[in-house]
Amino acid sequence: MSIGSASLDPACGPDRGLNADALRADARRESRGLLALLSPGLLLVFAVIIVPIGWLFWLSLFDETGQLSAANYARFFERASYIKTFVTTFKVAFVVTGACVLFGYPLAYMLSQLPRRAASICLIFVILPFWTSVLVRTYAWLVILQRKGLVNSWLIDLGVISQPLPLANNFAGVVIGMTHIMLPFLVLPLYASMKTIDVDCLRAGMNLGASPAATFRQIFFPLSLPGLASGVVIVFVLCLGFFVTPALMGGGKVIMWAMRMEQTTSLYSNWGAGAALGVVLLAVTLALLGFFQWLLGARATGVWSQR
Amino acid sequence: MSMENALPISHRQRLWLYALGGLVMLFLIAPSVIIVIMSFSGSTLLQFPPQEWSLRWYESYFGSVEWRDATIVSVKVAVMTAVAATLLGTAAAYAINARTLWLTGAINALLTASLIIPVILIGIGTFFLYARIDLNNTLTGLVIAHTVQALPLVVLTVLSGLRSYDMNQEKVARSLGAGRFSAFFQVTMPQIRFSIVSGALFAFITSFDEVVVSLFISGGETTTLTRRMFNALRDQIDPTIAAISTCLIVLSIVLLSPAQLFGRGR
């Protein structure tokens, strides 16, 4: 951008030629000024995020005796407890993502079809939980689902069951709590992308004799796939590294990736192993995001700003 | 109003869709509503709807020194985070918006890194770094860590404000003799002030609600509210947490509704 040229209003028109050189020299000075504006934020991020992660990565390359080795990574394949953690993590991530698609798609579809005013009122139901602290929502689900919780006492009072159902402190509890937390991450980008689908396309389909179901299946659904894909990848990636809900609702039985990292470093102070877990988690996260960005172009990144 | 996008499908044909969407909306909103109602219960038992009403859990929250100290720590950290993140984030957004710098892609990636990197890794990394420079269990450490996490939100919010603002206005002011800073503060800032305020509110709530990193780097005298809640939830279900949760829900609504409105207004 050269400041002296083009698009300025006529007010400084006559002087433009004279000012051009001086302004060009100014532009260089300004570049340095802008860099100075940018650098505090950049330095902070670099010092607090990039440096420690790089340091941890370096640590993960050495075993307990300080020898360069791949032992920290090899144990992922050798020890059954690590393999179990990965299996649990991916199982939770798949089930939660599936549940989010199952519940989120119809909701986003409904929102996109409602008149503007009704849609913005219904959107409050998605945004309000989105704003609420993860901790608060996990607490709510504990109250609702635990042994002496609301669901069990209702069902017992109604005579449906005689023994409380195991709903919290297990796999089911983690999945229910996490689905609730992840759902807005799927619905919001999906709804935004559904709003951009041209209604005329749908109308044209119906004018040409397609049934509502066929119009949805052949026109609307394919057009909504990019939005769905970005929602799915966000939810899946967030699930892989999620900590709070499994830690509080897993009852110590559902050990996910992030909990394993916390235990390895805080409980056992095994920084090499914990760091290796973190490095692999970051690599998987970046690979999934990168793959989807490549698949969908710029759409995937735009959606991140929804957070 | 509804004619703008009406398809020849009647509402009756869509009843199943409304029913399904309604159920999902209920699933989304029910936990918050239940907690708010239960916080006014008079009983230690988890009953819904409560048989008797009282404010005893609010009294227990405000009367407890530990909860009060934790709340004060969280408020202090959140205020300082909001100030720091807004200053750094607005400056960064301004520089990015000028588009004269090299490597804008890399700069954006670095600034928004904390949105993409799993937060557990940030927590462990920060704890590891702080252990070497004695910042664990300090307010400064918490503010720095939270500022890094809030920074991308401020940058993105202010950037979207700057994108809808015509930068030529600032150039005009400068061509008329205003310096860079006075041009910014007198011409640009008043017009993007809503974005800046939104960014500050997002930063405040990001810090106030932050759990994972605080679990690692706060403790002792600087235990944050969320860390204390997390530990309390591991032990038992104390209805006091329902009262605290209600306060957090109200705080989110009060702070983020204007942020949402301002953000859209610009």
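Visitor: What pattern does chain B follow along the sequence?

Guide: Chain B reads α-α-α-α-α-α-α-α-α-α-α-α, with twelve helices and zero strands. Its C-alpha trace spans about 70 × 65 × 30 Å along the principal axes.

Visitor: What makes residues of chain B count as in contact with chain A, and how many are there?

Guide: Two residues are in contact if their C-beta atoms, placed from the backbone, lie within 7 Å. By that cut-off, 77 residues of chain B are in contact with 80 residues of chain A. Helix H1 (residues 15-38) of chain B gives the most to the side of chain B that touches chain A, namely 14 residues. By class, the residues on that side of chain B are 56 nonpolar, 16 polar and five charged.

Visitor: What are the domains of chain B, and where do their bounds come from?

Guide: The bounds come from an automatic or database domain assignment, which gives domain 1 (2-57) and domain 2 (65-265) in chain B. The C-alpha centres of domain 1 and domain 2 of chain B are 31 Å apart. Their contact takes eight residues from domain 1 of chain B and seven residues from domain 2 of chain B. On the side of domain 1 of chain B that touches domain 2 of chain B, H1(B) gives the most, with four residues. That side of domain 1 of chain B divides into four nonpolar, four polar and no charged residues.

Visitor: At what angle do the axes of helix H8 and helix H9 of chain A cross?

Guide: The axes of helix H8 (residues 199-207) of chain A and helix H9 (residues 212-240) of chain A cross at roughly 145° and come within 10 Å. The crossing in which H8(A) passes H9(A) is right-handed.

Visitor: Which residues in H8(A) and H9(A) meet?

Guide: On the H8(A) side they are Cys201(A), Leu202(A), Gly205(A) and Met206(A), which meet Thr215(A), Gln218(A), Ile219(A) and Phe220(A) in H9(A). The contact has five nonpolar, three polar and no charged residues. Gly is counted as polar, so Gly205(A), in H8(A), belongs with the polar residues.

Visitor: What scores does the model have, and what is the mean pLDDT of each chain?

Guide: The model scores ipTM 0.89 and pTM 0.88. For chain B the mean pLDDT is 88, and 94% of its residues reach 70 or more. For chain A the mean pLDDT is 86, and 91% of its residues reach 70 or more.

Visitor: Where in chain A is the pLDDT below 50?

Guide: Residues 1-12 of chain A have pLDDT below 50, and beyond near neighbours in sequence this stretch has 19 contacts in the model. Over residues 300-307 of chain A pLDDT also stays under 50, and the model has 13 contacts for them beyond four places in sequence. Where pLDDT is low, the predicted coordinates should not be read in detail.

Notes
Residues numbered from 1 in each chain as written. Chains lettered and ligands numbered in written order. Predicted model: local features only at pLDDT ≥ 70, side-chain atom pairs only at ≥ 80, totals over all residues. Helix = DSSP H or I, 4+ residues; strand = E, 2+ residues; numbered from the N terminus. pLDDT = per-residue confidence, 0-100. Axes fitted to C-alpha atoms, helices over the stretch in contact; angles between N-to-C directions. Left-handed = near helix turned anticlockwise from the far one by under 90°.
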